[in-house]
Every structure is written in C-alpha cells, then in structure tokens.
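Please look over the two-chain complex shown here. The briefing that follows takes confidence, folds and selected helices in turn.

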Amino acid sequence: MMQRKLKVAALLAVILSASSAYAVAEDGFWLWLVKFNRQKGVRPVTDKQYLEECEGCHFAYQPGLLPAKSWEALLNADALRKHFGVDAELDNDTLKAIHDYAVDNAADKSWYKRSRKIAVAVATTEGPVPLRITELRYISRKHRNIPEKMIKGNKGVKSLSFCDKCHTQAADGVYDVDTVSIPNYPDWKE
Amino acid sequence: MGETKINLRNIVVGICLAILSGMVYAADTGMNLELPTASSFYTRNYQSLNSRSFDSQSFYSTAYLLAANEGDVVRELSVVTPVVPESEFKPPLISGRKVHQYLGLGTVMMAGLTMLAAPESCERNCPPPSQQPRQTSGTTHTRLARATAAMAAATVLSGLVFHWSDIHWEDPFTDPDKLHARLGAAGALLMIYAVNKSAHSTEPTSHAPIAELGVVTMLVAIKLTW
C-alpha cells in the first residue's frame with residue numbers, strides 16, 4: 001500500500017513540476033516535453049510582421065515547413081528580387097525581422113512533429129538546399145496519391161502551393177488528413 | 001337543410017385545409033436555401049456539366065443548358081473541373097486515426113487504474129511466495145489488467161492499419177513516426193507480457209515493474225507524435 005502511495009505521489013510530483021516548468025521554461029526540448037497541448041503539426045505563425053508581409057501575396061507558410069538553410073537561401077535581398085519569378089523586395093529592417101523569425105522557427109529548430117519529420121527527411125536527402133516546400137520528400141510523398149485533376153486541374157486549388165485551399169486548418173499549423181477538404185471533391189478520402 | 005349545412009361546413013373546412021397546406025408549401029419553398037437565388041449562378045456554373053459525380057445536382061446542369069449557350073463557354077466544358085457549392089467543412093468526429101488515438105490514451109488510463117486496483121502486498125513478516133494466498137484471480141485488478149492488455153494490442157493493430165502510410169523504409173531511425181511505432185509496440189508487448197506472466201504463475205509473482213515500464217514506454221511513444 002505504502003509503495004503504491006509513493007508511486008502516485010511521485011507521479012503527481014512529476015506532473016506538478018512539469019506544469020511549473022511549462023510556465024517558466026524557454027522554448028526547447030524541456031518545454032516540448034512538458035507541454036500538454038498538441039504539437040503534431042507545425043508551429044503556427046505568431047509574428048505579426050511575418051504574417052502581414054507574406055500574406056500580402058500568398059499563404060504565410062509556417063517557418064517550420066522548411067529547414068533554416070532553406071530560409072537563409074530564400075530570405076535575402078538578392079533572392080527576394082526574383083522570388084519565384086516575382087520581385088518581392090523588402091526594406092532592410094523588415095527583411096531582417098522576417099529572416100530572423102523564419103530561421104529561429106525553422107523545421108530543424110522546432111519540436112513540432114511535422115517539422116521534425118521534414119528536418120529529418122531533409123537531413124538525410126542528398127542534393128541542393130530545398131527552396132520549395134512542395135519539393136520536400138516528406139511533402140511530395142504525402143501528396144503523391146492525389147490525382148492531378150484534384151490539384152492542377154481543379155479550379156478551386158490550381159497548385160499544391162496553396163496549402164490552405166485543402167488543409168482547412170493550415171493557418172493553425174494543422175495538416176492532419178482529417179482536416180482536409182478538397183474543393184469540388186468533398187467526398188475525397190485518403 | 002341540415003345536410004346542406006353540414007356539406008357547407010365540410011366545404012369550408014376543406015378550403016381552409018387546402019389554403020393552410022398551400023401556405024405550408026409556400027413557406028417551405030421560401031426557406032429552401034439550397035435553391036440558388038442569383039441568376040448569375042446559372043451562367044457561372046456551367047462547369048458542373050463536366051462532372052460525373054454531380055448527378056445529384058443535375059438541376060443546376062439543366063439550368064445551365066437554358067442559360068449559357070455561348071460558343072466559348074461550351075468549348076471550355078472539356079477542360080474545366082466542376083464547381084461544387086461550398087459548405088462549411090467540419091472534421092469528422094470519428095475516424096480511423098482518431099480511434100487509434102483514443103485507444104492509446106485509453107490504454108494508459110486503464111493501466112493507471114490497474115495499478116491503483118493492485119492488491120496490497122505483504123510488507124512485514126511475510127511468508128515465502130509459495131505460501132502467500134493467490135489474490136489476483138477474478139479481482140478488479142485482474143479484469144482491468146486484461147482489458148488494458150487487450151486495448152494495448154488493439155492500439156498497435158489500429159496504428160498498423162491506419163498509419164501504415166506514415167512509415168517509410170527510407171526514413172532514418174530517428175523519424176518520429178518510426179520511433180512512435182517501435183516504442184508503442186514495445187510498450188504494448190511489455191504490458192501483455194506482464195499480464196501473461198502473472199496469469200501463468202501459481203504463486204504471486206513480481207510483474208508490476210514490467211507493466212509499468214510498458215506504460216512509460218507507451219507514454220513516450222504518444223508524446224513523440226502528440
């Protein structure tokens with residue numbers, strides 16, 4: 001009986017210390033370990049400037065969708081002048097703020113599950129630094145069974161780049177298959 | 001005269017009923033939100049003709065035939081996809097993946113209850129194990145332990161079925177889904193082994209540490225993909 005009480009007490013102590021650590025810890029392994037909220041997707045964008053600047057033209061992709069080296073290659077003055085065929089130049093202060101936010105929250109620095117999967121897959125793939133999220137092995141593999149007619153041939157989607165067209169909770173960093181609704185194909189199931 | 005009065009009353013009642021039913025029908029029609037109200041719908045929805053899975057909406061297709069008969073519109077029919085009226089998407093309450101999730105969490109909770117329902121062990125002046133009474137057959141602890149083991153097995157099985165596409169041979173050892181699968185299966189096996197060990201012994205035998213290790217292993221597995 002005594003032994004069981006000790007076990008329950010130890011369990012409670014762990015939960016309490018974990019909860020208190022949650023309140024004070026910086027983001028990192030320990031915070032991830034003690035967090036009870038779901039971290040299955042990627043970390044949602046919390047930086048207002050990043051959100052506003054990116055969303056001006058396209059869906060604000062979470063930094064956790066690419067590793068830091070990719071953001072380094074994408075978010076510099078030269079690269080932004082020809083950002084996937086478009087001049088997306090930013091002033092120096094804005095560029096620095098966005099660059100730093102993206103690099104600090106990149107896939108290889110995040111404890112969110114999908115970010116970890118992306119980081120692990122990129123780390124073990126040979127070749128140049130990936131610049132497109134859709135070309136990542138993890139992302140392309142996840143979408144390979146979806147017919148072309150549902151993406152490129154679908155007026156409601158057009159391209160795999162428009163994550164939020166099908167992933168109804170993409171803005172929250174949730175990319176679960178249960179939250180997918182392909183426009184014009186409401187009955188689609190994986 | 002009396003007959004006439006009755007007939008008149010019947011006629012009046014009949015007319016009232018007819019009017020009422022007509023009003024109900026009119027009200028229903030007015031509130032039927034599925035009917036498009038803008039004329040532009042009929043001309044813009046010409047893509048629906050190209051859809052094979054759009055049979056239930058054939059009304060709209062017919063409407064298009066009446067409304068959009070321009071040559072360039074007709075030529076576009078072979079290249080565009082259907083446009084289905086959008087409705088607010090609600091994730092399913094239950095799915096294969098969610099069943100797996102609930103089973104995993106249920107296993108851990110059941111394991112906790114099993115631990116709390118464990119019979120008291122002898123602490124002082126204890127007789128040798130062979131002479132101690134067998135307390136585990138038919139007790140709450142036994143039933144809970146068996147249910148936990150069954151749930152653990154069901155969790156692993158549902159994971160294999162519903163998450164098979166998440167596991168790839170080319171992914172490294174550290175892939176979160178691979179770690180989750182390995183640790184989850186190991187945890188379930190440890191729990192099943194602990195139950196089996198106790199069930200097949202003729203005297204009280206220490207199996208709690210194995211079961212507890214199994215629970216901790218499964219908890220780590222859950223956390224890795226939570």
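How many helices and strands does chain A have? Chain A has nine helices and zero strands. Helices (H or I, at least four residues) and strands (E, at least two) are DSSP runs, numbered from the N terminus. This is a predicted model, in which local features need pLDDT of at least 70 and side-chain atom pairs count only at pLDDT 80 or more, while totals for chains, interfaces and linings use all residues. Residues are numbered from 1 along each chain as its sequence is written, and chains are lettered from A and ligands numbered from 1 in the order in which they are written.

**Confidence**

- The predictor assigns the complex an ipTM of 0.79 and a pTM of 0.69.
- Chain A has an average pLDDT (the predictor's confidence in each residue, from 0 to 100) of 86, and 86% of its residues score at least 70.
- Residues 19–26 of chain A have a pLDDT below 50, and this stretch makes eight contacts in the model beyond near neighbours in sequence. Two residues are in contact if their C-beta atoms, placed from the backbone, lie within 7 Å.
- Chain B averages a pLDDT of 73, with 57% of the residues at 70 or above.
- In chain B, the pLDDT is below 50 over residues 24–79; beyond near neighbours in sequence, that stretch has 34 contacts in the model.
- Among the elements of chain B, helix H3 (residues 58–67) has the lowest mean pLDDT, 40. Helix H6 (residues 140–162) of chain B has the highest, 95.

**Overall folds**

- From the N terminus on, the elements of chain A read α-α-α-α-α-α-α-α-α.
- Chain A has 190 residues, of which 24% are buried. A residue is buried if 20 or more other C-beta atoms lie within 10 Å of its own, exposed if 12 or fewer, and partly exposed in between; C-beta atoms are placed from the backbone.
- In chain A, 56% of the contacts with a separation of 6 or more are between residues 24 or more positions apart.
- Chain B has eight helices and zero strands, in the order α-α-α-α-α-α-α-α along the sequence.
- Of the 226 residues in chain B, 22% are buried.
- In chain B, 72% of the contacts between residues at least 6 apart in sequence join residues at least 24 apart.

**Helix crossing in chain A**

- Helix H3 (residues 48–55) and helix H6 (residues 92–104) of chain A have axes that come within 9 Å and cross at roughly 105°. Axes are lines fitted to C-alpha atoms, for helices over the stretch in contact, and angles run from 0 to 180 degrees between N-to-C directions.
- H3(A) and H6(A) are therefore roughly perpendicular to each other, a term for angles of 65 to 115 degrees; under 35 counts as roughly parallel, over 145 as roughly antiparallel and the rest as oblique.
- H3(A) contributes Gln49(A), Tyr50(A) and Glu53(A) to the contact, and H6(A) contributes Thr94(A), Ala97(A), Ile98(A) and Tyr101(A).

**Individual residues in chain A**

- Most residues other than glycine have a negative phi.
- Phe84(A) has a positive phi, near 50°. Phe84(A) sits in the loop between helix H5 (77–81) and H6 of chain A and is exposed, with 12 other C-beta atoms within 10 Å.
- Asn184(A) also has a positive phi, near 70°. Asn184(A) lies in the segment after helix H9 (163–166) of chain A and is buried, with 23 C-beta neighbours inside 10 Å.
- Lys142(A) belongs to helix H8 (residues 137–143) of chain A. Lys142(A) is partly exposed, with 17 other C-beta atoms within 10 Å.

- H5(B) has 21 residues and reaches 30 Å from its first C-alpha to its last, close to the 30 Å expected at 1.5 Å a residue. The expected span is 1.5 Å times one less than the number of residues.
- Buried in H5(B) are His100(B), Gly104(B), Thr107(B), Met110(B), Ala111(B), Thr114(B) and Met115(B).
- Down the axis of H5(B), these buried residues fall within an arc of 135°, so they line one face of the helix. The arc is that of the directions from the helix axis to the C-beta atoms.
- The buried residues of H5(B) pack against H6, H7 and H8 of chain B.
- In H8(B), the buried residues are Ala211(B), Gly214(B), Val215(B), Thr217(B), Met218(B) and Ala221(B).
- The buried residues of H8(B) fall within an arc of 165° seen down its axis, so they too line one face of the helix.
- Helix H5 (96–116) and helix H7 (176–199) of chain B are included in what covers the buried residues of H8(B).
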